[in-house]
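Biologist: I've got a chain up on the screen and I'd like to talk it through. Can you walk me around it?

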Amino acid sequence: MRIILLGAPGSGKGTQGDLISGKYGFPKISSGDLLRQAVADGTPLGRAAEAKMKRGELVSDDVVIGMIKDRIKKEDCQKGYILDGFPRTISQALSLERMSPDGAEIVFDIHLDDQVVFDRISARRICSGCNHIFNLQLKAIGQREICENCGGTLIQRADDKPEVIKDRLKNYHEQRETLVVFYKEKNVYLCVEGDADRAKIFENICIFLDNKIAQAQRTTGTDDCL
Ligand SMILES: [Zn+2]
């Protein structure tokens, strides 16, 4: 079972990925986390990515695809996995098809209006001590901007600044359209309303996912071929 999470930055797809992983036991694979890990470990792909980032360039599809390919070969992905932040482009989606062409697949597109995304990301702060992410919208008015876990100072990441969010959203929409068409044609695409509380969104996702899993079991006639 391959679960793909699409959604704008700030749509909450990472949170939903964690919830799905917790309930169904599939590992969540975040391309951003893989990239940071590869850089930290100094792997050949990590070094290639780091060189690009230092020059202020986007990490190429080849590097990202290579990391995903290595990751989904691992033992814990054999029954299923959740992809967060991948594929971002149609060429990544096509590579994914080539890597593992068989098996059940479901794509959840967590939909939010741009204004909501904009407000959410603008209110996002990261703790300089423990890297925990906070949403200032959820903090009580007048509450100090410090981390509840470690007391660290909360800072705004450079790419969460309003002027950058506009560019990120534009970029996201350009890439997203082709992916949506691609997955709709494969008949695996589901749009989920993202402007609800996380428990409600998760409930909706579970309904679809349970159906998909039951369907996959009927097709294969066994329950260990997800
Ligand atoms: Zn902290």
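Biologist: Let's start with overall size: what is the radius of gyration of the chain, and what does it agree with?

Modeller: Bear in mind that this is a predicted model, where local features need pLDDT of at least 70, side-chain atom pairs count only at pLDDT 80 or more, and totals for chains, interfaces and linings use all residues. Residues are numbered from 1 along each chain as its sequence is written. The radius of gyration is taken over C-alpha atoms, and the globule rule is 2.2 Å times the number of residues to the power 0.38. For 226 residues a compact globule would come out near 17 Å, so the chain agrees with that, at 18 Å.

Biologist: And how many helices and strands does the chain have?

Modeller: Both are DSSP runs numbered from the N terminus: helices are H or I with at least four residues, strands are E with at least two. Counted like that, the chain has 8 helices and 8 strands.

Biologist: What is the strand order in the open sheet of 5 strands?

Modeller: Two strands pair if DSSP finds at least two bridges between them. Strand 1 (residues 2-7) has 4 bridges to strand 3 (residues 81-84), and 6 bridges to strand 4. Strand 4 in turn pairs with strand 8 over 5 bridges. With parallel pairing, the order is 2-3-1-4-8.

Biologist: Which strands are at the edges there?

Modeller: An edge strand pairs on one side only. Here those are strand 2 (28-30) and strand 8 (189-193).

Biologist: If I click on Ile110, which residue is its bridge partner in strand 8?

Modeller: In strand 4, Ile110 is the bridge partner of Gly7. Over in strand 8, the partner of Ile110 is Val192.

Biologist: How many residues of strand 4 are buried?

Modeller: Buried means 20 or more other C-beta atoms within 10 Å of a residue's own, exposed means 12 or fewer, and partly exposed is in between, with C-beta atoms placed from the backbone. For the chain, 27% of the 226 residues count as buried. Strand 4 is mostly covered, and of its 7 residues the buried ones number 6.

Biologist: How is helix 2 turned against helix 4?

Modeller: Axes are lines fitted to C-alpha atoms, for helices over the stretch in contact, and angles run from 0 to 180 degrees between N-to-C directions. The axes of helix 2 (residues 31-41) and helix 4 come within 10 Å and cross at roughly 95°. Angles under 35 degrees count as roughly parallel, over 145 as roughly antiparallel, 65 to 115 as roughly perpendicular and the rest as oblique. That makes helix 2, relative to helix 4, roughly perpendicular.

Biologist: Last one: which strands stand at the edges of the sheet of 3 strands?

Modeller: That open sheet runs 6-5-7 with antiparallel pairing. Each edge strand has a single partner strand, so one side of each is left without a neighbour in the sheet; they are strand 6 (133-135) and strand 7 (154-155).
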